[in-house]
Amino acid sequence: MFSLDRLRALSAVASHGSIAAAARELHVTPSALSQQVNKLERETGHQLLEPHGRGVRFTHAGRVLAAHANQVMRSVAAAESDLLDLGTEVVGPLHIGAVGSAIRALVVTTLAALAQEHPRMTPTLRDGEVVTLLPALLAGELDLLVIDSWASRPLPLPEGVVTHTLLVEPISIALPARHPLAESASLDLGQLDGVPWTSCPAGTEPYESLLQLARAHGMEPDIRYAVAEYASQLSLVAANLAVALVPAMTQREASPGVRFVPCKTPLQREIKVAWRAHAGGPLIRACLEFLTDAVAQDAGDFLPTAGSVA
């Protein structure tokens, strides 16, 4: 009979592409992981990995067994999740990752409610962007994400990740109050050709969405100021240095020197909760409940939806 730990080691190598990366995921040394694979080879009577450049690659036998190992690990994870669901008490750590705008608008309120309602729960929080948070979720470093998906660039979801839509909110163009177009009823992005922009750093959802939207309107945006925080972007707008695309939940941070003008083609983004399908349980459910309550408290500022799981 194969050892579960050795099958887990082989599955990790298949998932992460190298012994070093798999060892980091399992919190063991590369040497210890290699020993597990070597023992599995002796148990099966087949070579499973072979040298390839400075790394390794799977033999045919290795690929066959890795497919079974992956299936076994999914079954084990499902069993663990089912056992978690037997409990009703919300206890233990929950590692949360969130985009900055959602932290200020929703997550802080949620953490306060969880601390009061479930004092034996110990949440932690990491801020970031989707491009860094999703890999951390898949690696098991984070348990739950609060992330954004722009309608102009829908978020691609890896296999095994479940999402729940918390809200849909409009996105407006933030202009300096002194800008000639600041009093417009609506604007086409093409009308801002040649104007300096500020946006989140390259690779993030807001940055890539701005690029796609602008190019769809026949222009290449001059993004001079790459700033992660919307509050800082709005400061640049107020100083007459740039314009920006700003979601509704962050517009409350603007100074009187900023005007918000809708786009002629309405823009929206979704705020989603994401978690690994096999990792749901009381902790995830409790956090989702209070996030939903936080949205309801600010319903006047957002366009809430009933939510959907995908």
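The lining of the largest cavity comprises five nonpolar, two polar and two charged residues. Here Ala, Val, Leu, Ile, Met, Phe, Trp, Tyr, Cys and Pro count as nonpolar, Asp, Glu, Lys and Arg as charged, and the others, Gly among them, as polar. The model is predicted: local features need pLDDT of at least 70, side-chain atom pairs count only at pLDDT 80 or more, and totals for chains, interfaces and linings use all residues. Residues are numbered from 1 along each chain as its sequence is written, and side-chain values use heavy atoms, with hydrogens and water left out.

Two cavities of 30 Å³ or more were found in a search of the whole structure. A cavity is a set of points, on a 1 Å grid over the protein atoms alone, where a 1.4 Å probe fits but cannot get out; its lining residues have an atom within 4 Å of a point. Grid points are joined across faces, edges and corners, and a volume is the space filled by probe spheres set on the points.

The largest cavity holds about 60 Å³ of space. Its lining is made up of Leu187, Asp188, Leu189, Leu213, His217, Cys263, Lys264, Thr265 and Leu267. Strand β10 (residues 258-276) supplies the largest share, four residues. Helices (H or I, at least four residues) and strands (E, at least two) are DSSP runs, numbered from the N terminus.

For the second largest cavity, the volume is about 50 Å³. Trp150, Thr198, Ser199, Cys200, Pro206, Leu210, Tyr230, Gln233 and Leu245 line this cavity. Two or more residues each come from β7 (196-199), α7 (205-216) and α8 (230-238). Six lining residues are nonpolar, three are polar and none is charged.

Helix α7 also contains Glu205. Glu205 is buried, at 6% relative accessibility. Buried means under 20% relative accessible area, exposed over 50%, and partly exposed in between (1.4 Å probe, protein chains only). The side chains of Glu205 and Arg153 form a polar contact of 2.9 Å. Such a contact is a pair of N or O atoms within 3.5 Å; within protein, one must be able to donate a hydrogen and the other to accept it, and residues adjacent in sequence count only if both atoms are side-chain atoms. Beyond four places in sequence, Glu205 touches Val130, Asp148, Trp150, Arg153 and Leu155. Contact means heavy atoms within 4.5 Å.

Ala136 lies in helix α6 (residues 130-138). Ala136 is buried, with a relative accessible area of 4%. Apart from neighbours within four places in sequence, Ala136 contacts Arg126, Glu141 and Leu142.

Methods: 1 Å grid on protein atoms, 1.4 Å probe; cavity = no way out; pocket = protein on both sides within 12 Å on 5 of 7 lines; lining within 4 Å.
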